[in-house]
Amino acid sequence: MKKPFCLTFYALMFALANLHAQETPRPNPDLLAMIEASGNFAPMFPFQPTHNAPENITNVGTWTAVGRSVGPKGFIAPAGEFFVDETGRPVRFIGTNIGMTGCFPDHASADKLAGELTRYGINIVRMHYVSHRTPKGGYPVFDSFIEPVQLERFDYLFAKLKEKGIYIYFQLNIARKFGWLNGFVNANLLPYYKNGIDNVDERMIELQKRFHSEILNHVNPYTGIAYKDDASIGMMELANENSIVYSWFSPKHKFTALVEPYKSEMIEKWNGWLLDKYGDTETLKKAWAEGAEADVAQILPRSKSLKKGNVDWPYKYNWSLFPQRANDFTEFLALLESGYFTGLYDNTKANLKIRQPVTGTQLGYGFNRVQAAMDYCDIHGYWCHPAFPGGKWDTTHWNLRNGSVVNSYGHPGNTFTKLAQARILGKPFTVSEYDHPNLNFYCAEGNVMLAAMGAFQNWSALMQFAWILDTDYERKYIWPMFDMCSAPQKLVHFPACWAMFVRGDVRSGDDRLVFAFPSKEEDDIRKVAQRQAADAPGRHGSDLLNSLPLAVKSGTRVEECPDLFSGEGRTVIRSEEDVPSSIKDAYKNKLMQSSTGELTWNWQEKDAGFFMADTRNTKIFSGFVKGRTFMYRGMRLIPGRTRLDWLTLSLTFASPIGESAPGNLLRPGRYLLAATGLVHNTDAKIVELDTPGKISCSEPDGGRLGTAPVLCEGIEARLAFAGLGGKVTCYALDSEGKRTEEVPVIENESGEALLEINPGYRTLWYEVIVEERNQTKQ
């Protein structure tokens, strides 16, 4: 009798132990440790560019003017699809965002920061989330958002940036705190950041106009000029990522649960609009009954009528049952959106008399037609944006997808092609936020690809997100989300970004063949209503059309604004049937080139795509190696082994030496060479999550941010320069850009100059000098 009992007892204990093992989660694998164990790699080393602007080749300000590199002069104005300065010369801007408390540095920090930005060619800064944090003592004036201490520091930073020739992208509404102090009841229950409702509530709109007047008429004591009269403000934005259209359909705003009295006020507007359109309730019922999947009495019982003004708005659960009602409400949202942006725009121009270009909000947050009526159009984009399991912007628990954009779905660079398709043809186009988070192993690819695509598509301004979002201006470790100020893998390539975009090293595409995706508001309203998404008008479901910006100039043609873009004298692509067979074949072959022949996107080998820019003055590689050699005009690149079998490399012409003849050979002069691979903080622990491709450095996931100093992988690669044997010298540079030692360059049997870089030089950038062909290297 005892034996069966013992067997049962032990079986029970075994089952409990097995259950405990199943319930105890396995620790997430340490990805960095796995990478190091996969091969015998050279040790990583500390490297981070210094927070200053030294007088050497790593400072774009020391480069000899080439191409379109002369800075803008005076007020910026729209002229067709360009921005022009006061001389009428087309200008471009490349820059960054400074946000939140970072907008209010002390004077010493502001002095240093302005100088440091010029090192990388930054000529515009977007001041972001300026009103995000309420000062400790609150705002001193009722209904105002100006606080003296913050404003003084803002004024000083503005003046220092202006002294350095850096323009400002000025935001007028983001995270504006309309609260109970301003007399708004239930303000804490309103949608996220009050977005959407501030497009509708009349008092909120009046307060925005008041703030516009206060801040734009404010005279900066350090410049002596009111902001509305200061030419250093290159662009103004009325509202950041904010439209009643987007807010209504966005789950995080929960607009259908809007609290009183705001719901009743909006219902009153809705009923007034319906009355103007239909005249009476019976006509409304007949219209809404057409194509309905349920009895219209469900939503229009006898107790509801236009006369009573109590016809409710649609809800998620019954939205699709009555298609005409959905179309009507979406049209009503479009009217509200248009009234908001047009009203604020007219106020800035007619009443405040500002001369700077003004936009409404970002494309994709509402309808194209109203944004096409602004002075320019803007957009935001991200690759592998962080996700927050612990709640929105919980910096203690977050993760992201760790992938390279050259391996993105359908074709390489699909984030860039989405931006290109959204662009309103005929208007200046800016990208005021774009980034690949620093934690992403491949994040160095983002800025170089954006700059190349922006130049090819002839955009007007690019601003990576962000330089810094706090006051740690001389940070010594990498913040894993966005701040570039301490991310060496991004910083060392930014001079190449300036050269491609501002200097114009990458040529713009030919206007004779254009992908012009049609946008007509009537059709767009129907698309938004059907898909319940503000960005629905830009979706067409064609992978081939999505890839076209890699090869041809692309954008959206707003049908109601025919003067913006004409098809006369052009071949216009509107659908797959219009795509030339040569581009279809290139897409099918997974190898596409820009119409200029300078940009190459190759995804022929699975999960091993790469991007190349091959211009007279700048050469870029970003992608996976797989033992391949990459051919450029006048140069071969033979990468060695790296931890990710991936690298980003830029070679950028800085200043000429003597005369140069046209041709494929590198022109005589000084070049900045930068090469990056894996980069992370000391003692960082980056873990791989159960979700395929997801990584984290958050403690709840078993990760660790790490500390200073930043550790970098040295890149092993050979660069062979055609016909330049005996004409090339190279020096490794330290973090300040000073020469540390000469890197040998040999002449091979083909007459090439063969330069080999490796981790032993413990640097991410080098100075390369090419002598004139009729001179001997000293």
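These legends go with close-up views of a predicted model.

**View 1. Strand β26 and its neighbours on either list of bridges, β25 and β36**

Let's start with strand β26, which covers residues 669-676. This strand is mostly covered, with seven of its eight residues buried. It pairs with strand β25 (residues 646-656) through eight bridges, and the two run antiparallel. To find one spot in that pairing, look for T652, whose bridge partner in β26 is L672. Strand β26 also pairs with strand β36 (residues 765-770), this time through six bridges, and again the pair is antiparallel. Here you can pick out R670, which stands opposite I769 in β36.

**View 2. The cis peptide bond between E260 and P261**

Zoom in on the link between E260 and P261, and you'll find a cis peptide bond. Its omega angle is about 5°. As for where this is, P261 sits in the loop that runs between α6 (244-249) and α7 (262-278).

**View 3. The cis peptide bond between A708 and P709**

Another cis peptide bond turns up between A708 and P709, with omega at about 0°. P709 belongs to strand β30, made of residues 707-712.

**View 4. W393 and its positive phi**

W393 isn't a glycine, yet its phi is positive, near 55°. You'll find W393 in the loop between β12 (377-382) and β13 (400-401). Is W393 buried, partly exposed or exposed? Its relative accessibility is 36%, so W393 counts as partly exposed.

**View 5. D645, a residue with positive phi**

D645 is not a glycine either, and its phi is a positive value of about 55°. This residue lies in the loop between β24 (635-639) and β25, and β25 is the strand that joins β26 by eight bridges. D645 has a relative accessible area of 23%, so it is partly exposed. The cut-off for buried is under 20%.

**View 6. Helices α11 and α12 crossing**

Finally, here are two helices: α11 (residues 414-422) and α12 (residues 445-456). Their axes come within 10 Å and cross at roughly 35°. The crossing of α11 past α12 is right-handed. Which residues meet in this view? From α11 there are F416, T417 and L419, and from α12 there are G446, M449, L450 and M453. Sort the residues of this contact by type and you get five nonpolar, two polar and no charged.

Conventions:
Residues numbered from 1 in each chain as written. Predicted model: local features only at pLDDT ≥ 70, side-chain atom pairs only at ≥ 80, totals over all residues. Heavy atoms only, no water. Buried < 20%, exposed > 50% of the residue type's maximum accessible area, 1.4 Å probe, protein only. Helix = DSSP H or I, 4+ residues; strand = E, 2+ residues; numbered from the N terminus. Pairing = 2+ DSSP bridges. Axes fitted to C-alpha atoms, helices over the stretch in contact; angles between N-to-C directions. Left-handed = near helix turned anticlockwise from the far one by under 90°. Contact = heavy atoms within 4.5 Å. Nonpolar A, V, L, I, M, F, W, Y, C, P; charged D, E, K, R; others polar.
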